[in-house]
Amino acid sequence: MQHAASAAELAAVVDKIRHAGLTEHVSCGTERTIVGAVGDERRLTPDLFERMPGVERAIHVVKPYRIVSRESHPDNTVVKVRGIPIGGETIQVIAGPCSVETQAQMHASAAAVSAAGCRLMRGGAFKPRTSPYAFQGLGVTGLAYLQAAARPLQLPIVTELMDVRMLDTFLEYDVDVIQIGARNMQNFDLLKEVGRVNKPVILKRGLSATLSEWLMAAEYIAAGGNHNIIFCERGIRTFETAYRNVLDVTAIPVLKRETHLPVLVDPSHAGGKAWLVPALSLAAIAAGADGLLVETHPTPSEAWCDADQALTPEELLALMASVRAVAEAIGRRV
Ligand code: PEP
Ligand code: MN
């Protein structure tokens with residue numbers, strides 16, 4: 001309350017708290033009176049109080065996100081994908097091409113991913129492209145190629161869902177991890193729908209999303225009952241134009257502190273150049289990321305999408321060796 005707040009103004013605040021089904025805790029100091037709302041304070045918003053006479057400031061003392069917050073669940077959550085743990089001591093590197101192109105390209109990619117020691121495979125069948133005239137992905141055929149390449153090598157698959165109308169098809173094709181891309185991070189209807197299925201979800205950070213917006217987006221998924229959520233930092237938009245995006249390394253420890261859920265880093269979309277991928281990957285692991293989502297292609301110069309940032313199979317193999325060294329230095333393994 002303001003210094004000069006009257007007893008009637010204080011009573012009005014107390015009334016409002018009781019009306020919402022909570023109880024008040026009034027603390028009278030020599031300078032200020034502080035009123036606490038005891039109960040589920042998420043039902044109240046600060047603006048309900050800030051316009052009231054005599055009120056100086058209203059703040060939430062609990063986090064607006066509930067299920068995803070570390071407050072609600074102090075231990076790390078390990079999300080299991082066909083038995084493969086994400087978020088535990090082991091660092092997971094998910095690799096594969098930006099987009100599914102041909103069956104032959106997918107077989108070659110899967111062989112490279114597996115040979116490098118990665119345990120999961122990515123590949124986009126539905127691509128969010130800036131231009132409507134650019135390659136949009138093979139669609140359902142892409143899901144089939146991805147599965148046909150990954151299954152024989154026991155690689156669970158990760159692929160992006162852009163349209164809620166494709167969700168049943170994703171389930172039919174037994175997609176192991178549903179990726180929600182940066183551009184859809186706040187597509188709340190899509191988040192609600194993936195919240196109703198029993199499949200792990202990788203939630204990428206929006207191009208200019210704050211950590212709090214990102215956590216609230218995850219809360220949408222969790223609120224529907226699906227708690228198998230994996231965050232993925234993929235670089236944010238800043239004033240810098242020398243590289244595709246800026247990898248927000250600081251977000252990794254902050255997110256790990258705020259949430260119990262696993263945090264991955266996509267160094268490919270962050271840097272936008274293959275030569276930047278090793279440095280960004282090592283920084284990510286050193287900063288506490290639980291794994292990486294990396295683009296690779298059998299022949300990057302021929303990739304239909306994001307050719308500049310794709311690692312060759314040899315580069316992927318070399319990356320795994322250096323990631324392993326950093327992981328071991330911080331008491332983790334690959
Ligand atoms: C992708 O991973 O293929 C992709 C499109 O990434 P983002 O949503 O981060 O741009
Ligand atoms: Mn890409």
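What is the volume of the largest cavity? In this predicted model, the largest cavity has a volume of about 30 Å³. The count of cavities of 30 Å³ or more comes to 1. Its lining is formed by Arg 122, Gly 123, Gly 124, Lys 127, Val 158, Thr 159, Glu 160 and Gln 179. Strand 7, residues 157-160, contributes the most to this lining, with 3 residues. By class, the residues around the largest cavity comprise 1 nonpolar, 4 polar and 3 charged.

The protein chain contains 11 helices and 12 strands. Its C-alpha trace extends over about 75 × 45 × 40 Å along the principal axes. Of the 334 residues in the chain, 50% are buried. When contacts between residues at least 6 apart in sequence are considered, 65% of them link residues at least 24 apart.

The largest pocket has a volume of about 620 Å³. It is lined by 21 residues, of which Ile 34, Val 35, Arg 57, Ala 58 and Ile 59 are the closest to the pocket centre. Helix 1 (7-19) and strand 2 (33-38) each provide at least two residues of this lining. The greatest contribution to the lining of the largest pocket is that of strand 2, with 5 residues. By class, the lining of the largest pocket consists of 13 nonpolar, 4 polar and 4 charged residues.

The second largest pocket has a volume of about 270 Å³. Its lining consists of 19 residues, and those closest to the centre are Pro 128, Arg 183, Arg 244, His 269 and Asp 306. The lining of the second largest pocket divides into 5 nonpolar, 5 polar and 9 charged residues.

Lys 256 lies in helix 8, which covers residues 251-258. The relative accessibility of Lys 256 is 16%, so the residue counts as buried, the cut-off for this class being under 20%. The side chain of Lys 256 makes a polar contact of 2.6 Å with the side chain of Asp 290. Apart from neighbours within four places in sequence, the residues in contact with Lys 256 are Arg 70, Asn 76, Leu 261, Pro 262, Val 263, Gly 288 and Asp 290.

Cys 118 is buried, with a relative accessible area of 5%. Cys 232 is also buried, with a relative accessible area of 0%.

Conventions
Residues are numbered from 1 along each chain as its sequence is written. Chains are lettered from A and ligands numbered from 1 in the order in which they are written. This is a predicted model: local features need pLDDT of at least 70, side-chain atom pairs count only at pLDDT 80 or more; totals for chains, interfaces and linings use all residues. Side-chain values use heavy atoms; hydrogens and water are left out. On a 1 Å grid over the protein atoms alone, a cavity is a set of points where a 1.4 Å probe fits but cannot get out, and a pocket is an open set with protein on both sides within 12 Å along at least five of seven lines; lining residues have an atom within 4 Å of a point. Grid points are joined across faces, edges and corners, and a volume is the space filled by probe spheres set on the points. Helices (H or I, at least four residues) and strands (E, at least two) are DSSP runs, numbered from the N terminus. Ala, Val, Leu, Ile, Met, Phe, Trp, Tyr, Cys and Pro count as nonpolar, Asp, Glu, Lys and Arg as charged, and the others, Gly among them, as polar. Buried means under 20% relative accessible area, exposed over 50%, partly exposed in between (1.4 Å probe, protein chains only). A polar contact is a pair of N or O atoms within 3.5 Å; within protein, one must be able to donate a hydrogen and the other to accept it, and residues adjacent in sequence count only if both atoms are side-chain atoms. Contact means heavy atoms within 4.5 Å.
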